[in-house]
Amino acid sequence: IFLLGQFGATLTKQIINQYKLGTKDDKVIFWQIDIHNNIRSGKIMDYNSATGKRGKYINWVHSKIENYNLQQCLFGEHLLNKNQKNIGLVESEKTACIMSQCIPNYLWLATGGATSGIEKKLKALHGRKNKVVFFPDQGKYQEWEKIKSEYLKYNCTVSKDCEIWFEKNLIDKGDDIADYYLKNYGFDNQL
């Protein structure tokens, strides 16, 4: 519902199809589908339909499967097979979905959280010719600069955009690139 309010029916449907979003009750399922099109799991989350802010509920599709061997991957990783765009990497799955419409010249992927299991998740990006740009949340620049130097040394940069926008009072503490675009460009069905 939040995406509909921002982008309208056509673009929302495009986001749902591209990222294979699902639903359970009134919650969204962000499927983790790897580069070989294997479903690794699905993160189930609730959001306020008016503000787009995340609620407290988080669960995993695999949590009901006994002895499940979880091997997470990047959210949107399945899109790497079909795409030669430069890659924008963010933390939040919701942000990847939003940015796919705000700046469509990037392929937007998400780590699904700060740094948990990041080394394994980033393996899908090794050896790619595409440029990778990390877009960390405000306050996380140094952390992502360290991740870049440890795991993706070449053809990768870390954006300082959120730090700059925060200093200019364009975003709040902890906000991300999607917050900037939604606050400052007010898409509301204008795309």
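This is a predicted model: local features need pLDDT of at least 70, side-chain atom pairs count only at pLDDT 80 or more; totals for chains, interfaces and linings use all residues.
To see how they line up, show Lys-24, which stands opposite Lys-27 in E2.

Stay on strand E2 (residues 27-33) and colour it by burial. Six of its seven residues are buried, so this strand is largely enclosed by the rest of the structure.

**Next hairpins**

Now extend the selection to E3. E2 and E3 make an antiparallel pair over six bridges, with Gln-32 opposite Ser-41 in E3. Five residues lie between these two strands in a hairpin, and in the turn you will find Asn-37, with a positive phi of about 65 degrees.

Keep going to strand E4 (residues 54-60). Strand E3 (residues 39-47) pairs with E4 in the antiparallel sense over four bridges. Pick Met-45 and you can look across to Ile-58 in E4, which stands opposite. This hairpin has six residues between its strands, and Gly-52 in the turn has a positive phi of about 80 degrees.

**The parallel sheet**

In what order do the four strands of the open sheet lie? The order is E6-E5-E7-E8, and the pairing is parallel. Strand E6 (106-110) and strand E8 (156-158) are at the edges; each has a single partner strand, so one side of each has no neighbour in the sheet. Looking from one strand to the next, the twist averages 25 degrees.

Zoom in on strand E5 (residues 86-90), which runs parallel to E6 and is joined to it by five bridges. Select Gly-88 here and you will see Trp-108 of E6 opposite.

**A buried asparagine**

Next, select Asn-130, in the loop between helix H3 (118-122) and strand E7 (132-134). Is Asn-130 buried or exposed? Its relative accessibility is 6%, so Asn-130 counts as buried. Show its side chain and draw two distances. A polar atom of the Asn-130 side chain lies 3.0 Å from the backbone oxygen of Gln-84, and a side-chain polar atom of Asn-130 lies 2.6 Å from the backbone oxygen of Lys-85. Beyond residues up to four places away in sequence, Asn-130 touches Asn-83, Gln-84, Lys-85, Asn-86, Ile-87 and Asn-155.

With 14% relative accessibility, Ala-124 counts as buried. Setting aside neighbours within four places in sequence, its contacts are Glu-77 and Leu-80. For a sense of scale, draw a line from the C-alpha of Ala-124 to that of Gln-138: the two are 14 residues apart in sequence and 25 Å apart in space.

**Two helices with buried residues**

Select helix H4 (residues 141-151) and view it down its axis. The buried residues are Tyr-141, Trp-144, Ile-147 and Lys-148. These residues span an arc of only 120 degrees around the axis, which puts them on the same side of H4. Turn to the other side of H4 for Gln-142 and Lys-146, which are exposed. The cover over the buried residues of H4 includes H3, E7, E8 and H5.

Move on to helix H6 (residues 177-185), where Ile-177, Ala-178, Asp-179, Tyr-180, Tyr-181 and Leu-182 are buried. What do the buried residues of H6 pack against? Their partners are H1, E5, H2, E6 and helix H5 (161-167). At the start of H6, show Asp-176: one of its side-chain oxygens comes to within 3.0 Å of the backbone nitrogen of Ala-178.

**Last stop: the nonpolar core**

Finish with the largest nonpolar core, a set of 51 residues. Highlight Tyr-19, Leu-21, Trp-108, Leu-122, Leu-125, Phe-134 and Ile-177, which touch the most other members. Helix H1 (residues 2-19) supplies the largest share of this core, six residues.

Centre the view on Leu-125 to end the tour. Apart from neighbours within four places in sequence, Leu-125 is in contact with Leu-74, Leu-80, Ile-87, Leu-89, Leu-109, Val-132 and Leu-152.

Conventions:
Residues are numbered from 1 along each chain as its sequence is written. Side-chain values use heavy atoms; hydrogens and water are left out. A nonpolar core is a set of buried Ala, Val, Leu, Ile, Met, Phe, Trp, Tyr and Cys residues joined through side-chain atoms within 4.5 Å. Buried means under 20% relative accessible area, exposed over 50%, partly exposed in between (1.4 Å probe, protein chains only). Contact means heavy atoms within 4.5 Å. A polar contact is a pair of N or O atoms within 3.5 Å; within protein, one must be able to donate a hydrogen and the other to accept it, and residues adjacent in sequence count only if both atoms are side-chain atoms. Two strands pair if DSSP finds at least two bridges between them. Axes are lines fitted to C-alpha atoms, for helices over the stretch in contact, and angles run from 0 to 180 degrees between N-to-C directions. The arc is that of the directions from the helix axis to the C-beta atoms.
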